[in-house]
Amino acid sequence: MNRLEAHFTNKPKRNLAIYFSAGYPSIESIEPIILTLEQNGADIIEIGMAFSDPLADGPVIQNSGTLALANGITTVKIFNELSTIRQKTDLPLVLMGYLNPVLQFGFEEFLKQASLTGIDGLILPDLPLEIFERDYKTLYEFYNIFPIFLITPQTPDDRIHHIDKLSKGFIYAVSSSSTTGSSEGFSLSHIRYFERLQSLNLSNPLMIGFGISNQKTLETVFDNASGAIIGSAFIKNLQPSAKDYGITQFMNQLLNEQ
Amino acid sequence: MISENKLFEVSEDGFYGEFGGAFIPEMLYANVKQLQTQYLDILSLTSFKNAYDNLLRDYVGRPTPLYEALNLSKKYGARVFLKREDLNHTGAHKINNTVGQVLLAKHLGKKRIIAETGAGQHGVATATVCALMQLECVVYMGAVDIIRQAPNVARMKMLGAKVVPAVSGSRTLKDATNEAIRDWINHPEDTHYIIGSVVGPHPYPDLVARLQAVISEEIMQQLKTQTGSADPDYVIACVGGGSNAAGAFYHFLHNEKVQLIGAEAAGEGIESGKTAASLVVGKRGVIHGCMTSLMQTADGQIVEPHSISAGLDYPGIGPLHAHLFQTGRALYNSITDQEALDAAFELAKMEGIIPALESAHALAVLPKRHWKKEDVIVVNLSGRGDKDLDTYMKNLPSYEQA
């Protein structure tokens with residue numbers, strides 16, 4: 001069974017997914033970051049595959065990706081690191097990146113390596129739905145990699161239902177129309193959007209991302225979805241020189257602050 | 001015949017053969033979808049056509065002349081005509097597109113315009129039409145290009161545009177485009193993004209090609225008057241993203257008698273590692289929402305291009321050109337920095353016209369091929385060279401000696 005499926009069956013609410021760019025602050029940090037996150041209550045890990053031209057990313061994630069590339073991160077190195085890490089954790093692991101590096105790796109070869117590595121899901125924001133359906137859907141199924149797609153406040157209901165039908169694992173709901181890490185707190189229109197999503201009775205769990213940076217925003221998301229995805233706020237608080245990269249403190253503040 | 005005639009037109013889902021498409025994140029879906037479903041209808045409205053034609057005539061100064069360059073003709077042993085896009089208002093073909101897109105934006109009820117720019121020509125053309133239409137204008141420009149192209153930055157500012165430096169990546173055109181797309185993601189309701197070339201997600205490559213097609217339309221009419229035949233033997237244009245070439249080729253795409261030639265920027269040479277010849281050194285890949293021929297590493301990271309001409313300094317190319325190259329419908333020559341400089345000085349001295357460095361790449365095709373006396377060659381002179389005077393003056397001594 002795919003670990004994402006098993007995880008949401010066991011724990012349908014209050015899930016926390018953490019995103020970071022593999023290779024930042026260093027290639028060696030990939031393993032301790034994932035294992036420390038697990039010890040501190042993360043439910044799902046999203047491993048960012050850096051790209052030279054990340055259209056949907058805000059400055060924090062973009063910079064961490066640029067530094068990861070400067071550190072020499074490649075698709076092959078990410079798979080190598082993760083296959084070692086997979087022996088040490090059962091957390092669902094999701095890869096997130098852009099289409100071009102996957103195309104150059106070879107799409108089927110990429111899915112095959114992901115499967116052998118023990119990856120559970122793949123998010124490629126610039127892979128069009130129609131092309132996924134036409135060219136890659138059966139390959140995802142064959143290799144048991146869950147396709148995860150984004151929705152935004154501008155996505156019409158019928159398209160959300162269509163995305164729900166094509167998705168497995170969870171749906172990534174972008175909280176507002178923005179690149180990552182660019183909004184502060186939730187407004188009434190956010191809440192209306194979350195309520196609209198709940199009323200659609202989707203078959204996949206909803207994970208809300210973008211704009212979650214503290215306990216208050218996290219609790220709002222926990223009230224309105226299956227969980228939250230945090231990226232920019234986590235990366236911003238990574239301390240390259242600290243033994244645990246500052247992760248324990250960040251997670252404690254996020255989950256326990258009253 | 002009908003299916004054959006569609007060979008070089010964009011398909012309903014935005015592809016030219018295997019190139020094109022709309023590889024965009026969901027955050028852009030609503031905006032791009034709106035354009036996809038509405039652009040053809042809006043472009044065919046009588047009110048749109050009238051407004052567009054009137055502005056091109058009275059504001060831009062069209063039709064631009066088709067000038068038979070007799071001294072060049074004599075030298076190259078053929079009839080060489082120059083399509084004088086350099087005589088448009090703002091000094092290049094770019095304004096044909098911005099006039100059309102700003103009218104489109106008005107029609108869509110957008111209040112704010114964003115654009116990317118490399119050399120600054122598209123930025124100036126966008127700032128110009130925004131001033132004309134009284135719309136807010138933000139232009140993204142690589143921090144490196146802001147320094148390299150200071151006069152155009154000054155023009156944009158005087159026209160009331162806000163110029164925002166792109167400080168990510170290599171800080172040039174590709175990064176300015178990334179920043180413009182991010183701006184659009186963050187302003188999905190009120191903003192229209194005026195892309196400057198036949199690149200980006202569908203429908204931009206087709207939209208921009210249609211708005212530049214006025215170039216080939218005029219060439220046909222003018223040639224008919226001047227030579228008795230509307231069909232040239234050759235049309236030559238430089239290609240970065242490829243908008244002036246798309247416009248110069250447009251009405252000849254299905255006329256196999258007309259040989260189309262694009263001039264890519266080879267930079268210091270296609271094997272030097274410092275080049276912008278995306279068709280020759282590129283591999284199929286996705287940049288700025290578009291599947292095309294792309295300069296990239298084995299790992300799929302986009303590589304920085306190099307050209308003496310900031311306007312050709314793009315690691316991808318419009319999907320139409322990738323398709324024309326693959327099918328052999330058009331030929332593409334690689335022109336080095338040095339060959340472009342030679343051609344620019346030759347045109348200045350022989351015809352009294354200082355071309356943009358970009359356009360000089362098209363002129364540099366002339367000495368590269370053998371021509372017949374009766375050949376009718378149209379070179380699209382896409383822009384004027386004022387913006388390149390610094391580069392030209394640095395190279396002046398070597399041409400004075402010769």
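## Salt bridges across the structure

A search of the whole structure turns up 33 salt bridges over all chains, a salt bridge being a side-chain nitrogen of Lys or Arg within 4 Å of a carboxyl oxygen of Asp or Glu. This is a predicted model: local features need pLDDT of at least 70, side-chain atom pairs count only at pLDDT 80 or more, and totals for chains, interfaces and linings use all residues. Residues are numbered from 1 along each chain as its sequence is written, chains are lettered from A and ligands numbered from 1 in the order in which they are written, and side-chain values use heavy atoms, with hydrogens and water left out.

Let's start with B:Lys75 and B:Glu346, whose closest N and O atoms are 2.6 Å apart in a salt bridge. B:Lys75 sits in helix H4 (residues 70-76) of chain B and B:Glu346 in helix H15 (residues 337-351) of chain B, so this pair ties together parts that are 271 residues apart in sequence. Helices (H or I, at least four residues) and strands (E, at least two) are DSSP runs, numbered from the N terminus. B:Lys75 is partly exposed, at 48% relative accessible area, while B:Glu346 has 17% and counts as buried. Here buried means under 20% relative accessible area, exposed over 50%, and partly exposed in between (1.4 Å probe, protein chains only).

Next, B:Glu218 and B:Lys83 form a salt bridge with their closest N and O atoms 2.7 Å apart. This pair links distant parts of the chain, 135 residues apart: B:Glu218 is in helix H11 (residues 214-227) of chain B, and B:Lys83 is in strand S4 (residues 79-84) of chain B. Both B:Glu218 and B:Lys83 are buried. A salt bridge also joins B:Asp175 to B:Lys174, at 3.5 Å from N to O, and these two residues are buried as well.

## A network in chain A

Salt bridges can share partners, too: A:Arg3, A:Arg86, A:Asp90 and A:Asp120 are joined into one network this way.

## Aromatic rings

Now for the rings. Over all chains there are 23 aromatic pairs. Rings of Phe, Tyr and Trp (its six-membered ring) pair if their centres lie within 6.5 Å; planes under 30 degrees apart count as stacked, over 60 as edge-to-face and the rest as tilted. One tilted pair is A:Phe107 with A:Tyr140, 6.0 Å centre to centre with 50° between the planes.
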